[in-house]
Amino acid sequence: MKVIIFAVLLPIYVSCLHEKNASVIWDEGARKFFIKDFIINNSVAWANFKDGIFTTGWSYLEVHTNPLYSDSFQAYAAGLVEGYLTTDLISKHWNNLYLNYCKNEKEYCDKLKTFLQINMDFMNKNIERNRTNFYWNHVALILEQVKGLQDGYKRTPSLPDTRPNVMGVMFFNLFGDLLDLEVVFNRTTRNIFENSHCSALIKFVSGYKDLYVAQDTWDNYSSMLRILKKYVMPLRHYLTKGNKIIPGHTTTFSSYPGCIFSGDDFYVISSGLVALETSITNTNTSSFQYIKPDRVVLEWIRNLLANRLATGGRNWAAIFSLFNSGTYNNQWMIVDYKKFVPNAKPQNELLWILEQMPNYIESKDQTNTLIRHGFWPSYNIP
């Protein structure tokens, strides 16, 4: 079996790439994190960054964390080392896309900031009450990773915190959700990202010799500062030390500066899953009533939760469906390569499809459709 990802270009151009390394260490005496410009054994997190924007159009980031440290330390340090190494691209990406985002849009941006802050408070209330619950523990770890990214970008290490600035580096991760929030809050000029910027294809090779998964993303040139990322983060299912490591401890995905999720979305995951989507435009304005900041978790966070915690397509859909935000509405395709054996008829739940709208999610095993047609196409239509 084969999973094609763009990183196949890396060996060809490796000698042309500008390369940097960094590590995050914890000083127990000083009770502080420090960032060093090289790889250190037994550090909390370490990373390698190769900038090939001017040769391949891509840069490459690989982040590792150390399971000897708590999950909070791992998540925060992962963000810290990424923010530190990609500061230049984050700054350029911000200037390209968001520097003037609120110019002449004060009313909209005031509404957006209020929504995001109420939503942040909602998540943190649940984290404080339910940190031992697997779901809210991992929401907390995602927020701590973003806080690390924010601090690494600013080169100001602090401590793990579940309250990053909602209009700071975290804003990069909202671009999918903004597609719908801009409509809900009546932004006069639309985001440069559009709902219909992806297509996907899942296809058998004749006789089930192999199964290919491919996704294509297009957008304006200003959004094309791209990073291929690999995260190796052996986090635990629950808060307690010694608990088993999550299925999605290692993820490879196409992404952007400042983002800890893909956004395209295309993920190859250590659980044996490949997750990808194409977006769906919501024209039913009456459904906006269900987009409530004190009831939902935004899509990009639910995406990461499902990728990290799920073992199969059905399980992925169940996790993703919790606290549906009704924003960044997509058709998700979850391919479970554990269900595929070359030259044998595929098992049930090889392909699980999920489609989201506000207050409504439909998901189903579509393996038989894939078998019947030999392929599953997706092009921004439910």
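**Close-ups of a predicted model**

View 1. β9 (266–269) and strand β10 (residues 273–279) pair in the antiparallel sense over three bridges; strands here are DSSP runs of E with at least two residues, helices are runs of H or I with at least four, and both are numbered from the N terminus. Two strands pair if DSSP finds at least two bridges between them. This is a predicted model, where local features need pLDDT of at least 70, side-chain atom pairs count only at pLDDT 80 or more, and totals for chains, interfaces and linings use all residues. Residues are numbered from 1 along each chain as its sequence is written, and side-chain values use heavy atoms, with hydrogens and water left out. Look for Y267, whose bridge partner in β10 is A275. Three residues sit between the two strands of this hairpin, and G272 in the turn has a positive phi of about 95°.

View 2. β8 (250–255) runs antiparallel to β9, joined by three bridges. Y267 turns up again here, as the bridge partner of F253 in β9. The loop between β8 and β9 holds D264. Buried or exposed, where does D264 fall? D264 counts as buried because its relative accessibility is 2%; buried means under 20% relative accessible area, exposed over 50%, and partly exposed in between (1.4 Å probe, protein chains only). Setting aside neighbours within four places in sequence, D264 is in contact (heavy atoms within 4.5 Å) with H197, C198, Q215, T217, R226, S254, S255, Y256 and E277.

**View 3. Strand β12 and its two partners.** β12 (residues 351–357) is mostly covered, with five of its seven residues buried. On one side, five bridges join β12 to strand β11 (residues 330–336), and the two run antiparallel. W352 of β12 is the bridge partner of I334. Then there is strand β13 (residues 360–365), also antiparallel to β12 and joined by six bridges. E355 has E362 in β13 as its bridge partner. β12 and β13 form a hairpin with two residues between them, and N359 in the turn has a positive phi of about 65°. A handy thing to keep in mind: in a regular strand, side chains alternate between the two faces of the sheet.

**View 4. L181 in helix α6.** L181 lies in α6, which spans residues 175–184. With a relative accessibility of 1%, L181 counts as buried. Beyond the neighbours within four places in sequence, L181 is in contact with Y108, L112, F115, I291 and T327. For a sense of distance, L181 and L354 are 173 residues apart in sequence and 21 Å apart in space, C-alpha to C-alpha.

**View 5. Helix α7.** How many of the eleven residues of α7 (residues 299–309) are buried? Eleven of the eleven are, so α7 is largely enclosed by the rest of the structure. The buried residues include W300, I301, L304, L305 and L309, along with E299, R302 and R308.

**View 6. Zooming back out.** The secondary structure comes to nine helices and 14 strands. Of the 382 residues, 57% count as buried. The C-alpha atoms fill a box of roughly 60 × 50 × 45 Å, taken along the principal axes. Among contacts with a separation of 6 or more, residues 24 or more positions apart account for 66%.
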